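Subject: Structure handover and notes

Dear colleague,

I am passing on the structure below, together with some notes on what was found in it. Please keep it open while you read, so that each place can be looked up as it comes.

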Amino acid sequence: MTAPTYLPSDNPRVTPADHPFRFCLPVQIRFSDIDMLGHLNNNVYLTFMDLAKIEYFCAVNGAPVSVHDLCMVVVNVNCDFVSPTFLGDSIEVWTRTTHIGERSVRLEQRLVDRNTGETKCVARTVMAGFDPKTMTGIPIPERWVGKIETFEQRTFVD
């Protein structure tokens, strides 16, 4: 199977990706996702990003993951809304790891119109290592570092 290809945005507000996106998740917009102005509600973007994060880590792992397997939690999310999204748009979420530190992983996600290639929003998320049994922060497990590097086809040096 050929990996999907992310189409670079022609919008000057969208920074070109320095490494390829290797994961894409199509998502469906529901009528209830639309706000009073007819746009996709801002909260729904984050819901789509969360769904894509889980599926991304399943793809990285090569199997389903649970919160106990992942050992990471979201500690920061920033989202730039670039262009409005409407009911009827065909959208997908592109996800990639941009950085791995000792205790955190940074992801970049882009919501893109699959028909036009237009980037609708760009989100950056920081996930910290976390042990759900002790409820404390931990270093990112080496097994995840290796799996992410294999999936992303590059090494991450702090």
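Helix H1 (42–61), helix H2 (67–70) and strand E2 (72–81) each give at least two residues to the lining of the second largest pocket, where helices (H or I, at least four residues) and strands (E, at least two) are DSSP runs numbered from the N terminus. The largest share of that lining, four residues, comes from H1. A pocket here is an open set of points, on a 1 Å grid over the protein atoms alone, where a 1.4 Å probe fits and with protein on both sides within 12 Å along at least five of seven lines, and its lining residues have an atom within 4 Å of a point. Among the residues that line the second largest pocket are Asp 50, Lys 53, Phe 57, Leu 70 and Met 127, and by class the lining divides into nine nonpolar, one polar and two charged residues. In this scheme Ala, Val, Leu, Ile, Met, Phe, Trp, Tyr, Cys and Pro count as nonpolar, Asp, Glu, Lys and Arg as charged, and the others, Gly among them, as polar. The space in this pocket is about 150 Å³, a volume being the space filled by probe spheres set on the grid points, which are joined across faces, edges and corners.

Before going on, please note that this is a predicted model, in which local features need pLDDT of at least 70 and side-chain atom pairs count only at pLDDT 80 or more, while totals for chains, interfaces and linings use all residues. Residues are numbered from 1 along each chain as its sequence is written, and side-chain values use heavy atoms, with hydrogens and water left out.

The largest pocket holds about 200 Å³ of space and is lined by 14 residues, of which Thr 15, Glu 108, Arg 110, Val 122 and Arg 124 lie nearest its centre. Its lining has five nonpolar, two polar and seven charged residues, and strands E3 (91–100), E4 (104–113) and E5 (119–131) each supply at least two of the lining residues.

Now to the aromatic rings. Rings of Phe, Tyr and Trp (its six-membered ring) pair if their centres lie within 6.5 Å, and planes under 30 degrees apart count as stacked, over 60 as edge-to-face and the rest as tilted; by this rule there are six aromatic pairs. One of them, Tyr 45 with Phe 81, is edge-to-face, at 5.0 Å centre to centre and with 70° between the planes. Because Tyr 45 lies in helix H1 and Phe 81 in strand E2, this pair ties together parts that are 36 residues apart in sequence. Tyr 45 is buried, with a relative accessible area of 3%, whereas Phe 81, at 35%, counts as partly exposed (buried means under 20% relative accessible area, exposed over 50%, and partly exposed in between, with a 1.4 Å probe and protein chains only). Tyr 56 and Phe 151 also form an edge-to-face pair, at 5.6 Å centre to centre and 90° between the planes. Since Tyr 56 is in helix H1 and Phe 151 in helix H3 (residues 142–152), that pair ties together parts 95 residues apart in sequence.

With kind regards
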